[in-house]
Structures are given as structure tokens and as C-alpha cells.
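This report examines the backbone, the sheet and the nonpolar cores of one protein. The sequence and the structure are displayed below.

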Amino acid sequence: MRIGLFRHGVAEDTARSDFDRRLTPAGRAEVARVAELAYRAGYRPGCILHSPLVRAAQTAAINQERFPEAQLQEAEVLAWPQLDAILRLVSGLKDPLLVGHEPTLGRLVGKLIGAPEGATPMERSGFTLVDVDRIPTTRPGMLRAFLHPALAPAE
């Protein structure tokens with residue numbers, strides 16, 4: 001099973017609430033460039049699950065433009081730092097892409113690969129790909145890709 005994790009792009013500093021913060025134009029462009037890098041590297045998600053916060057939903061929609069065969073679905077659990085609940089959600093899915101927030105996604109990467117707490121933070125617009133035997137895992141997963149947005153410079 002391949003689990004992709006994509007942290008939302010750069011969002012506006014202020015909005016009516018944190019829930020409503022939208023991606024900036026630069027954030028949208030950066031997300032699209034990183035999604036293209038993942039595509040060129042051969043990544044193909046089976047589905048895309050995203051936090052209900054606006055910036056994560058927008059990031060997921062940009063990813064779906066690059067991966068139109070992947071069904072898009074909101075998953076409220078991705079808005080909260082509940083790693084076990086997230087793992088239960090993905091246990092029966094084929095190669096999900098999870099779009100959410102820090103520190104939850106970084107902590108989830110660490111849990112999947114057996115890294116110490118705090119060892120795998122994710123940058124905004126960052127993408128990580130982990131291969132696991134199954135959920136729950138019986139051994140540490142293999143880190144297959146760690147794409148930092150600096151690897152996808154603006155043209």
C-alpha cells in the first residue's frame with residue numbers, strides 16, 4: 001500500500017476564521033508544481049482524501065486536476081491530530097493521498113516509518129510517499145519520496 005501525504009499550500013494570513021483561509025496565488029502555483037513532480041515520478045493515487053479546511057480542500061482539488069482518475073473526498077478526521085483514526089480511515093483504501101496540515105501529517109509520516117516524534121515535519125506544499133505492508137503496519141514503512149516545494153521552482 002502506498003500512502004501519499006500532501007500538506008496544503010501557502011494560505012492567506014487572515015480570513016473570517018482559520019477554517020476559511022484560502023490558498024494564495026503563489027500557494028496554488030506551488031501545489032500544482034509539486035503535484036506535477038509527483039506525477040512525473042510515477043505516483044498515481046487511488047483516491048484523494050482532504051481535511052475540510054478550505055486551504056486543504058483547494059490543495060486537494062489542484063491535485064485532482066493532476067490525477068483526475070482519483071476520487072476526491074472530504075475526511076473530517078484529517079483536520080485533527082488523531083493518527084489512529086486517520087489510519088483506520090485509510091486501512092481499506094488503495095493508495096490514498098491524504099491532504100492536510102502540520103503537525104498531523106508529519107507525525108503520521110513518522111509513525112508510518114518508525115521515526116522519532118518530530119523527526120519528519122512537512123513543509124507547506126510538501127509531498128511525502130510511504131510504502132507500508134498494510135494498516136495497521138507490522139513493520140516500519142519505506143519512505144519512497146519526500147518532495148520539498150523548493151524542488152519545484154517557478155518557471
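## Residues with positive phi

In this predicted model, Asp95 has a relative accessibility of 15%, and because residues under 20% count as buried, Asp95 is classed as buried. The residue belongs to the loop that links helix 3 (83-90) to strand 4. Although Asp95 is not a glycine, its phi is positive, at about 50 degrees.

Ser125 also has a positive phi without being a glycine, with a value near 65 degrees. Its position is in the loop between helix 4 and strand 5. Ser125 is buried, and its relative accessible area is 0%.

## Cis peptide bonds

The peptide bond between Glu102 and Pro103 is cis, with omega at about 5 degrees. Pro103 is part of the loop that runs between strand 4 (96-100) and helix 4 (104-113).

A cis bond is also found from Ile135 to Pro136, where omega is near -5 degrees. Pro136 is located in the loop between strand 5 (127-131) and strand 6 (142-147).

## Overall architecture

The protein contains four helices and six strands. Along the sequence these elements follow the pattern β-α-β-α-β-α-β-α-β-β. The radius of gyration is 14 Å, close to the 15 Å that the globule rule gives for 155 residues, so the protein is as compact as a globular protein of that length.

The C-alpha trace spans about 40 × 35 × 30 Å along its principal axes. Of the 155 residues, 48% are buried. Where contacts link residues at least 6 apart in sequence, 68% of them join residues at least 24 apart. The protein exposes about 7,800 Å², of which carbon and sulfur atoms supply 52%.

Six strands form an open sheet with mixed pairing, in the order 3-2-4-1-5-6. Strand 3 (71-74) and strand 6 stand at the edges; each has a single partner strand, so one side of each lacks a neighbour in the sheet. On average, neighbouring strands of this sheet are turned by 20 degrees against each other, direction ignored.

Strand 2 (residues 47-50) and strand 3 run parallel and are joined by four bridges. Ile48 is placed opposite Leu72 of strand 3. Helix 3 lies across strand 1 (2-7), strand 2 and strand 4, and runs at about 145 degrees to strand 4.

In soluble globular proteins, nonpolar side chains tend to be buried together. The largest nonpolar core here has 22 residues, and those that touch the most other members are Ile3, Leu5, Leu98, Leu108 and Leu112. Strand 1, strand 2, helix 3 and helix 4 are the elements that each give two or more residues to this core.

Which residues are in contact with Leu112, leaving aside its neighbours within four places in sequence? They are Ile3, Leu87, Val130, Val132, Ile135, Thr137, Pro140 and Gly141. One of these, Ile135, also takes part in the cis peptide bond to Pro136.

Definitions and conventions. Residues numbered from 1 in each chain as written. Predicted model: local features only at pLDDT ≥ 70, side-chain atom pairs only at ≥ 80, totals over all residues. Heavy atoms only, no water. Buried < 20%, exposed > 50% of the residue type's maximum accessible area, 1.4 Å probe, protein only. Pairing = 2+ DSSP bridges. Axes fitted to C-alpha atoms, helices over the stretch in contact; angles between N-to-C directions. Contact = heavy atoms within 4.5 Å. Rg over C-alpha atoms; globule rule 2.2 N^0.38 Å. Areas by Shrake-Rupley, 256 points an atom, 1.4 Å probe, with all protein chains shown as cover. Core = buried A, V, L, I, M, F, W, Y, C linked by side-chain atoms within 4.5 Å.
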